[in-house]
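Morning, everyone. Please bring up the model on your screens, and keep the sequence beside it.

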Amino acid sequence: MKRRKILHGFAQAFLALAVLPFSELAMAMTKLMKSKSEWQQQLPAANYAVLFKDSTERAGSSPLNDEKRAGSYVCFACNLPLFKSELKFDSGTGWPSFFDVLPDAVETRRDFSMIWPRTEYHCARCNGHQGHLFKDGPQPTGLRYCNNGVALQFIPAGEKLPELRT
Ligand SMILES: [Zn+2]
């Protein structure tokens, strides 16, 4: 491994530490492998449909659109923190939107389910589908993470984050 890559790895780990206690860090970095039928049993139908069947919630349907309090947004399926309130902005699209994501919290793939290709992103830990990434967001990143509200759970600042689901 190149020295620069190692240093980058340390920096990422340090940023992740700022969010998660050390004991949970190793677990957060490990993939949670579960079958779709297991998830189907553990999640309400609407959340399961978005997270593991790539469904999209109706625009304007999520109470998280109007959520303005300080806090964290964790994956509804596995509880991995994905976003902080400081990264949220009002996109006017009807879906909770963020201009950045916590380090290593999501992975992306090209999605060809529509006529034009889009960038899909999902929770890096459980692979649960979260939303699509667009390049029309505000500065400093210019990115817009267009997220399904049912794929997230909001935890107000000062409340304990839920334990990572196993
Ligand atoms: Zn997850």
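Take contacts in the protein chain between residues at least 6 apart in sequence: 59% of them join residues at least 24 apart. Here two residues are in contact if their C-beta atoms, placed from the backbone, lie within 7 Å.

Two notes before we go on. Residues are numbered from 1 along each chain, as its sequence is written. This is a predicted model, so local features need pLDDT of at least 70, side-chain atom pairs count only at pLDDT 80 or more, and totals for chains, interfaces and linings use all residues.

Now the parts list. The protein chain has 4 helices and 9 strands. From the N terminus on, the order is α-α-α-α-β-β-β-β-β-β-β-β-β. Helices (H or I, at least four residues) and strands (E, at least two) are DSSP runs, numbered from the N terminus.

How much of the protein chain is buried? Of its 166 residues, 30% count as buried. The cut-offs go like this: buried takes 20 or more other C-beta atoms within 10 Å of the residue's own, exposed takes 12 or fewer, and partly exposed lies in between, with C-beta atoms placed from the backbone.

Next, the core. A nonpolar core is a set of buried Ala, Val, Leu, Ile, Met, Phe, Trp, Tyr and Cys residues joined through C-beta atoms within 7 Å. The largest one here holds 32 residues. Which of them touch the most other members? They are C75, L80, L82, V101 and C123. At least two core residues come from each of α4 (45–53), β1 (71–75), β2 (81–84), β6 (118–123) and β8 (144–147). α4 gives the most, with 4 residues.

Click on C123. Set aside its neighbours within four places in sequence. Its contacts are then C75, A77, C78, L80, L82, V106, G128 and Q130.

On to the sheets. Strands of a sheet pair through backbone hydrogen bonds, either parallel or antiparallel. Our rule for pairing is that DSSP finds at least two bridges between the two strands.

Start with the sheet of 3 strands. It is open, its order is β2-β1-β9, and its pairing is antiparallel. β2 and β9 (152–156) are the edge strands, each pairing on one side only. On average, neighbouring strands of this sheet are turned by 30° against each other, direction ignored. That angle is taken between axes, which are lines fitted to C-alpha atoms (for helices, over the stretch in contact); angles run from 0 to 180 degrees between N-to-C directions. Between β1 and β2 there are 3 bridges. Find Y73, and you will see F83 of β2 opposite.

The other sheet is open too, with 6 strands in the order β3-β4-β8-β7-β6-β5 and antiparallel pairing. Its edge strands are β3 (88–89) and β5 (106–111), each pairing on one side only.

Let's walk across. β3 meets β4 (residues 97–98) over 2 bridges. There, F89 has S97 as its bridge partner. β4 and β8 are also joined by 2 bridges, and F98 partners Y145. From β7 to β8 we count 4 bridges, with G131 standing opposite N147. E107 finds its partner in H122.

Stop at β8 for a moment. In a regular strand the side chains alternate between the two faces of the sheet. Which way do the β8 residues point? R144 and C146 point one way, Y145 and N147 the other, and all are buried.

P140 sits in the loop between β7 (129–134) and β8. The peptide bond from Q139 to P140 is cis, with omega near 15°.

D104 lies in the loop between β4 and β5. Its phi is near 60°, a positive value in a residue other than glycine. Is D104 buried or partly exposed? It counts as partly exposed because it has 16 C-beta neighbours inside 10 Å.

N127 belongs to the loop between β6 and β7. Its phi is positive as well, about 70°, and N127 is not a glycine. N127 has 19 C-beta neighbours inside 10 Å, so it counts as partly exposed.

That's my tour. Thanks.
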